[in-house]
Amino acid sequence: VVRLADTNRDIVVLDADLRKSTMTDEFSRKYPDRFFDVGIAEGNMVGVGAGMALAGKIPFICSFACFVVGRFEQIRMAVAYNRANVKIVGTHSGIGIGEDGYSQMATEDIGLMRTLPNIAVVQPADPIETRGAVEYITQHDGPVFLRLTRQKVTDVNDQNYKFQFGKAVVLREGSEVSLLGTGAVMENVLKAADQLASQGISVQVANIHTIKPIDTEFIKSIATSHGRIVTVEDHGVCGGLGSAVAETVAELGLGRVRRLGVTEFAESGDTEGLYE
C-alpha cells in the first residue's frame, strides 16, 4: 500500500489503534496526512472510511478481522448498500492467531461478508499473492474484504505469479480428488496431497483466493471430472469456502438444488410487489 500510494494520492489508510499489529505503521510514518487512527472505535472507522470513499478517496480500513467485521451493521449500511469503494482489511484471521484465543479469532467473517451484496471477498495464500491482490483491489471499483493472517506463511506461488480476480489457481494436477484451499492453509493442503499421492491417489490442488465471486466455471469443471471435492479453510464450515463450493455445485444442477431468495439489496415497496 505504501508503494502504491507513492503514485496514487487518493489512497488513505485508517486504523483502529492496532497500527503495529496490522502493519500500517510504515504508512503512518511516510504519509501522516493520509493516515487516520480512530482509536478503539471500529464502527466509527467504517463510517469515516465510507464517507471518504464517497468523496473520491480509496480508503483501506484495517483491524483484526473479528473486530472490523464485528461492525457488520455499519458495513452493511455505510459500505455495501452505498457501494462505497472501501477496502476492508481484516488481519489476524482464523484460529491461526493462536494463543490470543477465541475472543480475537475470526471464524465467521467470510460468511458474514459473503452475505452482503456488492462486497467482494479475497483471501490470498502467501506474500506474493497478497501483493498482487492489493494491487488489484486498489483498482477494483467497489468494496472488497481482504482477509489476511497473523502468522507467516510459506510461498505457494513463484515470483512470476499474476493475480487474477475471480480465477482459481491450480497448483497441482490430479484426476481423482480435488483439494480446494484458501489462505494460510495452502501449505498444509499441498502436504495432504503429497500424503495421498504416496497412497496412489491422484490429487488436484487448487487455491481459491477469490471466494466471492467464486470461479463458477472451475467448480463446474471439477464437479463433473473428479470423484470427490474437499475444501479446506481456517474458517467455520458454515458460510466460508466450503459453503460457496457446495452452493455452486448445487446451483449447477449437479446436486438437484436451486436456491431462490434475495441476492441484492431490496427497494422499498409493498410486500406483494416485492415478492413478485
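Two strands pair if DSSP finds at least two bridges between them. Strands (E, at least two residues) and helices (H or I, at least four) are DSSP runs, numbered from the N terminus. This is a predicted model, in which local features need pLDDT of at least 70, side-chain atom pairs count only at pLDDT 80 or more, and totals for chains, interfaces and linings use all residues. Residues are numbered from 1 along each chain as its sequence is written, and side-chain values use heavy atoms, with hydrogens and water left out.

Start with the sheet. Select its seven strands: the sheet is open, its pairing is mixed, and the order reads E2-E1-E3-E4-E6-E5-E10. Go to the edges, E2 (35-37) and E10 (210-212); each has a single partner strand, so one side of each lacks a neighbour in the sheet. On average, neighbouring strands are turned by 20° against each other, direction ignored.

Next, select E1 (residues 11-15) with E2. These two pair in the parallel sense over three bridges. Asp15 has Asp37 in E2 as its bridge partner.

Angles run from 0 to 180 degrees between N-to-C directions, and axes are lines fitted to C-alpha atoms, for helices over the stretch in contact.

Then select H4 (residues 42-54) and H6 (residues 72-80), which pack at about 5° with axes 9 Å apart. H4 is therefore roughly parallel to H6 (angles under 35 degrees). Show Gly43, Val46 and Ala50 of H4 and Gln74, Ile75, Ala78 and Val79 of H6, which make the contact (heavy atoms within 4.5 Å).

Key:
Parallel < 35°, antiparallel > 145°, perpendicular 65-115°, else oblique.
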